[in-house]
Amino acid sequence: MFNSDYLYIFMVTKPLKMQNYATNLTESQYETIVSIIGDNRKRQRSLKGVFDAIFYLLRTGCQWRMLPSDFPKWELVYYYFRKWSSDGTLEEVHEVLRNRLRAKRGRHPSPSVGIIDSQSVKTTKVGGEDRGFDGGKKIKGRKRHIATDTQGLLLAVDVHAANRHDSKSALGVLNQLRWRFDRMHKVYADGGYRGELVEKVKLELGYELVITLRSDNAAAFKPLPKRWVVERSFAWLEDFRRLAKDYERTVVAAKNMIYLAFITLMLKWILLKWILLNYISAKSRKIYSSAEADLRLADAKIIFMLIIVLIIYVFHDNLISN
């Protein structure tokens with residue numbers, strides 16, 4: 001007689017099949033990342049499962065220990081996240097993808113104009129470094145300080161305590177631009193960056209810091225030129241529940257979560273453009289083939305008419321005589 005205990009043991013020990021989550025990378029996206037990090041090592045399990053787990057956590061906001069069981073063990077996933085965060089791998093992937101996307105959009109890899117702004121976010125009751133209270137926004141936590149290009153793509157990011165004023169911590173972000181982008185000469189900012197920072201940036205970095213202020217007489221909301229771009233970049237981050245708050249213990253982990261968010265977005269945009277180009281190319285080939293077929297039909301009609309005219313011309317005298 002069959003024992004139900006054996007069935008239970010079989011069900012528990014049977015290896016789970018990897019589900020196709022919406023956050024999983026496609027094969028082309030994964031190959032793009034692997035080509036950047038240069039991982040040629042032979043492995044028993046592909047790193048795709050590790051990347052899928054990290055992107056799942058980023059999008060859903062779950063805890064490391066609560067990753068679904070069909071992903072690799074959470075300890076392994078967290079190990080790679082820590083490793084790639086500390087050695088700059090994720091930052092490198094982000095830099096390469098941004099340059100590729102700018103090139104595909106007809107832009108120079110090194111932008112000439114940037115936009116800077118900050119966002120105060122709450123932290124959790126779990127301890128961590130660099131936390132403070134933003135008196136203006138009444139938020140206890142950290143600030144995400146970013147600089148973007150005119151497309152909204154991330155150029156530099158810094159994470160620090162929320163009690164640090166924008167004008168005091170902006171140099172930490174702008175200094176990153178100096179050694180990365182040699183064409184940079186102008187940066188747009190809001191009124192929080194007014195004061196001696198404008199002259200300091202001009203003297204130390206050679207950048208023109210343009211302060212754009214909202215008019216007090218405006219009857220309705222009106223997006224400010226250039227400034228709305230960085231606000232849209234912050235809005236993109238809201239699609240990732242892990243970034244709804246700053247859940248990370250370290251600022252390094254917090255920065256790399258932002259890099260991962262933009263990596264996800266850029267992989268989607270690059271792949272979408274590739275799909276659109278293939279679609280347009282296929283449509284063009286179809287239209288060309290249709291036009292070519294119509295041309296061949298028109299040529300056949302013309303040739304047929306010429307033959308009729310030639311026959312009439314040759315036998316014209318005989319037809320008249322008869």
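Colleague: Which residues line the largest cavity?

Modeller: Keep in mind that this is a predicted model. The lining of the largest cavity is made up of Arg144, Arg242, Leu243, Lys245, Asp246, Tyr247, Glu248 and Ala254. About 30 Å³ of space lies inside, and the count of cavities of 30 Å³ or more comes to one.

Colleague: Let's turn to the helices. What span should helix α4 have?

Modeller: The idea is to count 1.5 Å a residue.

Colleague: Which residues of α4 are buried?

Modeller: Buried here means under 20% relative accessible area. In α4 that picks out Val77, Tyr80, Phe81, Trp84 and Ser85. Looking down the axis of α4, these buried residues fall within an arc of 130°, so they line one face of the helix.

Colleague: What follows α4?

Modeller: Gly88 does, with a positive phi near 85°.

Colleague: And how far does helix α5 reach from its first C-alpha to its last?

Modeller: The same ruler works again. Helix α5, residues 89-104, has 16 residues and reaches 23 Å, close to the expected 22 Å. Its buried residues include Leu90, Val93, Leu97 and Leu101, and also the charged Glu95, Arg98 and Arg102. After α5 comes Gly106, with a positive phi near 80°.

Technical notes
Residues are numbered from 1 along each chain as its sequence is written. This is a predicted model: local features need pLDDT of at least 70, side-chain atom pairs count only at pLDDT 80 or more; totals for chains, interfaces and linings use all residues. Side-chain values use heavy atoms; hydrogens and water are left out. On a 1 Å grid over the protein atoms alone, a cavity is a set of points where a 1.4 Å probe fits but cannot get out, and a pocket is an open set with protein on both sides within 12 Å along at least five of seven lines; lining residues have an atom within 4 Å of a point. Grid points are joined across faces, edges and corners, and a volume is the space filled by probe spheres set on the points. Helices (H or I, at least four residues) and strands (E, at least two) are DSSP runs, numbered from the N terminus. The expected span of a helix is 1.5 Å times one less than its number of residues. Buried means under 20% relative accessible area, exposed over 50%, partly exposed in between (1.4 Å probe, protein chains only). The arc is that of the directions from the helix axis to the C-beta atoms.
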